[in-house]
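I opened this entry to look up charged pairs and nonpolar cores. My notes follow in the order I took them.

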Amino acid sequence: MAAAAALAERARPLSSPNPGVGAIIVKDGVVVGRGWTQPGGRPHAEAMALEDAGEAANGATAYVTLEPCAHQSPRGPSCASLLAASGIARLVYGIEDPDPRTAGAGIAMLKDRGVDCVQVESDAVRESLAGHLMQLSEGRSHVTLKLAMSLDGCIAMANGESQWITGETARAHTHRERARADAILVGGETLRSDNPRLNVRLGGLENRSPRKLVLTRGNASEGWEAVKSPEAIRDLADARYLFIEGGAGAASAFLEADLVDRLLIYRAPILIGGGRAGVSDFGLGSLQSAHGRWRPESCLTLGEDRLEIYTRTR
């Protein structure tokens, strides 16, 4: 399932408006087919994997990150019907699709056709579908907040100088994270003072530059979309993944609204002293209430810098 989730990564975010799904078909211990959701949402991962496997799919096991869809579409047949027609003997899937058009119907269809269906929980699968699950459960984007700071928690000098806190390797990783997002947001002050490009400047990924949003009560500049408040992200169309990249004000506003699901803290081995803090007050009532909110997920060394990744516990 982790391998299927890794394939799903290739679909993000180009598969919109459909979720990025990964599928692997195995027969006699050998992988005979692989697939992931294609740009624009079609073909689905299962259809790609079945095409790759051909007749070898008959009697095989399919591993799919998300329950195969059950609804017929003008754009193609349901994945459950395709899998059943292929003659697969077994389906291993990660998550039952909360989309009401499927929501268990895909599994029921396959079981009716004699396919053995088994659900296997996987953190990698759940992470790969975080945006899809968040949209259907909460009606909003899955939000990642990125902070690049010094060891003493500063994102800039007292005079505002901030280029660059971290090194080239860490900045390249940030571009990789941008490429995984549907939209990217900064605060109004960051836009006015830095005029950031916020595009993806990694070779081969330039076409994955996300929509540019600014948190402001006023009108947005040309090429930008205004978001009036953190809660307004519920109105963003086709934005499963939102990446917040700039400004202590924007960071604090989303933290206060409890709309941050993932933290990326890029920490440079420098001390600034008296600089601008990465986060301002966001309304914690007590020190005790600060505990238990964030679960450490992983750490990476990026050149001289260190990336710490945390997930919000809910």
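**Salt bridges**

I began with a network of salt bridges, which links E9, R176, E177, R180 and R262. I note here that the model is predicted. As background, side chains of opposite charge can pair when their charged atoms come close.

R176 and E9 form a salt bridge through their side chains, at 3.9 Å from N to O. R176 sits in helix 7 (residues 168-179), and E9 is in the loop between helix 1 (2-8) and strand 1 (22-27), so this pair ties together parts 167 residues apart in sequence.

Next I looked up R140. Its partner in a salt bridge is D261, and the closest N and O atoms are 2.9 Å apart. R140 lies in the loop between helix 6 (130-138) and strand 6 (142-149), while D261 lies in the loop between helix 9 (248-256) and strand 12 (262-267). The two are 121 residues apart, and the pair links distant parts of the chain. I recorded both R140 and D261 as buried.

R178 belongs to helix 7 and E245 to strand 11 (residues 241-246), 67 residues apart. R178 has 7% relative accessibility and therefore counts as buried, the cut-off being under 20%. E245 is buried too, with a relative accessible area of 14%.

How many salt bridges does the count come to? I noted 15.

**Nonpolar cores**

I turned to the nonpolar residues. In soluble globular proteins, nonpolar side chains tend to be buried together.

The largest nonpolar core here has 29 residues, and within this core L91 and L110 touch the most other members. Which elements each supply at least two residues of this core? I listed strand 1, helix 2 (45-53), strand 3 (61-66), helix 3 (79-86), strand 4 (90-95) and helix 4 (105-112).

I looked up the contacts of L110 as well. Leaving out residues up to four places away in sequence, L110 touches P68, A80, L83, A84, L91, V115 and C117.

Technical notes:
Residues numbered from 1 in each chain as written. Predicted model: local features only at pLDDT ≥ 70, side-chain atom pairs only at ≥ 80, totals over all residues. Heavy atoms only, no water. Salt bridge = Lys/Arg side-chain N within 4 Å of Asp/Glu carboxyl O. Helix = DSSP H or I, 4+ residues; strand = E, 2+ residues; numbered from the N terminus. Buried < 20%, exposed > 50% of the residue type's maximum accessible area, 1.4 Å probe, protein only. Core = buried A, V, L, I, M, F, W, Y, C linked by side-chain atoms within 4.5 Å. Contact = heavy atoms within 4.5 Å.
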